Amino acid sequence: MRHLALIIATAALASGGCTAADSDRSPDVLGGDARPDVRSLDATPDTPPVDARPDGARLPDAAPRSDAARPDAARPDAAAPRGPDHPLPALAPPPAGEPAPVWQVSVVERFPHDPRAFTQGLLMVDGTLYESTGLNGQSSVRIVDLATGAVQRRRDLADRYFGEGLVAIDDRLIQLTWRSQVAFVYDRATLEPRGQHAYVGEGWGLTDDGRRLILSDGTDRLRFFDRETFAELGAVRVTDAGRAIRQLNELEYIDGEVLANVWQTDRIARIDPTTGRVIGWLDLAGLRPQEANRQGDVLNGIAWDAPNQRLIVTGKRWPLMFAIRALHAP
Ligand SMILES: [Ca+2]
């Protein structure tokens with residue numbers, strides 16, 4: 001097992017969560033409404049949502065939906081204590097008005113990752129890795145073997161859709177689309193379509209706190225949705241020392257906090273979803289593989305492997321995934 005300590009400055013975040021590396025990545029090209037490789041975008045989800053994969057053999061149906069079928073324990077009251085040995089030790093909010101501290105991280109383990117996967121959603125349930133990929137014509141939902149990176153099952157979206165955040169609710173997966181304002185529902189075991197939901201606005205990241213879905217849309221908001229109906233329940237604005245943290249991207253709920261990639265940065269925000277305050281940052285600037293040098297190949301994708309207490313991260317078209325841990329309090 002390789003253990004690579006990343007020496008990262010612990011200075012408090014001063015502006016935007018950006019690093020020197022980001023200044024080289026032409027944010028004017030990627031920013032605002034111009035994500036790369038965007039072709040047709042359509043806000044009327046009136047065509048079949050997905051193209052069936054012809055070689056997709058059907059697996060037995062998943063267990064009926066119930067709390068007992070969710071041993072991933074995403075429920076807040078199921079959280080185990082998080083001591084210093086936890087990959088993400090518990091962290092108190094910083095004093096009022098003070099910016100959240102930046103934590104160093106270390107790499108615990110490396111795993112292969114499909115370098116063609118433009119990762120937009122990542123999560124683990126019961127040891128199985130699920131991934132959503134983006135770009136029009138390349139979007140998919142996948143079941144992936146973490147150890148080998150092999151794509152075990154895959155369903156492609158129609159070219160008009162740009163896949164985004166992904167979450168598991170019992171025996172279903174829900175996948176956002178960037179601007180089509182439709183979320184697709186799949187059988188978690190077979191990836192067979194199980195319906196869809198409409199929502200307003202853009203879809204970026206998606207996670208679940210055991211009671212509600214939590215959605216990011218590229219702004220500084222985390223929006224809350226009903227898990228069954230997709231009705232919008234409210235929102236909270238994310239700030240650090242009063243400064244709005246925008247372009248919140250892929251999300252992961254872990255024991256009472258929300259981890260969020262911040263698009264085009266090498267940082268993950270640890271957010272208290274009840275207040276919107278950033279309580280800490282993880283700086284992953286040292287993780288970007290040399291191969292991930294194309295425009296848009298940014299850090300994105302956070303999964304919590306609850307049974308094994310592993311925090312898995314990757315990036316868009318990165319050849320590697322990493323299990324990481326926060327090293328220590330600054
Ligand atoms: Ca995630």
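How many bridges pair strand 15 with strand 16, and in which sense? Strand 15 (residues 221-226) and strand 16 pair over five bridges, in the antiparallel sense. We come back to this pair below, after a look at the model itself.

## The model and its confidence

What you have above is a predicted model, in which local features need pLDDT of at least 70, side-chain atom pairs count only at pLDDT 80 or more, and totals for chains, interfaces and linings use all residues. Residues are numbered from 1 along each chain as its sequence is written.

The pLDDT (the predictor's confidence in each residue, from 0 to 100) has a mean of 81 for the protein, and 75% of the residues reach 70 or more. Over residues 1-78, pLDDT stays under 50. For that stretch the model has 129 contacts beyond four places in sequence, a contact being two residues whose C-beta atoms, placed from the backbone, lie within 7 Å.

## Two nonpolar cores

In soluble globular proteins, nonpolar side chains tend to be buried together. Here a nonpolar core is a set of buried Ala, Val, Leu, Ile, Met, Phe, Trp, Tyr and Cys residues joined through C-beta atoms within 7 Å. A residue is buried if 20 or more other C-beta atoms lie within 10 Å of its own, exposed if 12 or fewer, and partly exposed in between, with C-beta atoms placed from the backbone.

The largest nonpolar core has 67 residues, and Leu 123, Ala 260 and Ala 269 have the most contacts inside it. Strand 25 (residues 320-326) gives this core its largest share, five residues; strands are DSSP runs of E, at least two residues long, numbered from the N terminus. Leaving out residues up to four places away in sequence, Leu 123 touches Tyr 130, Leu 166, Val 167, Ala 168, Glu 252 and Ala 303. Another core, of seven residues, lies apart from the largest one and includes Ala 117, Leu 157, Tyr 161 and Trp 178.

## Two open sheets

Two strands pair if DSSP finds at least two bridges between them.

Strand 7 (residues 140-144) and strand 8 (residues 151-157) run antiparallel, joined by five bridges. Arg 142 has Arg 154 as its bridge partner in strand 8. The hairpin of these strands has six residues between them, and Gly 149 takes a positive phi near 75° there.

Leu 135 lies in the loop between strand 6 (128-133) and strand 7. Its phi is near 80°, a positive value in a residue other than glycine, and Leu 135 counts as buried because it has 24 C-beta neighbours inside 10 Å. Arg 317, in the loop between strand 24 (310-315) and strand 25, has a positive phi of about 60° although it is not a glycine. Arg 317 is buried too, with 23 other C-beta atoms within 10 Å.

Definitions and conventions
Helix = DSSP H or I, 4+ residues; strand = E, 2+ residues; numbered from the N terminus.
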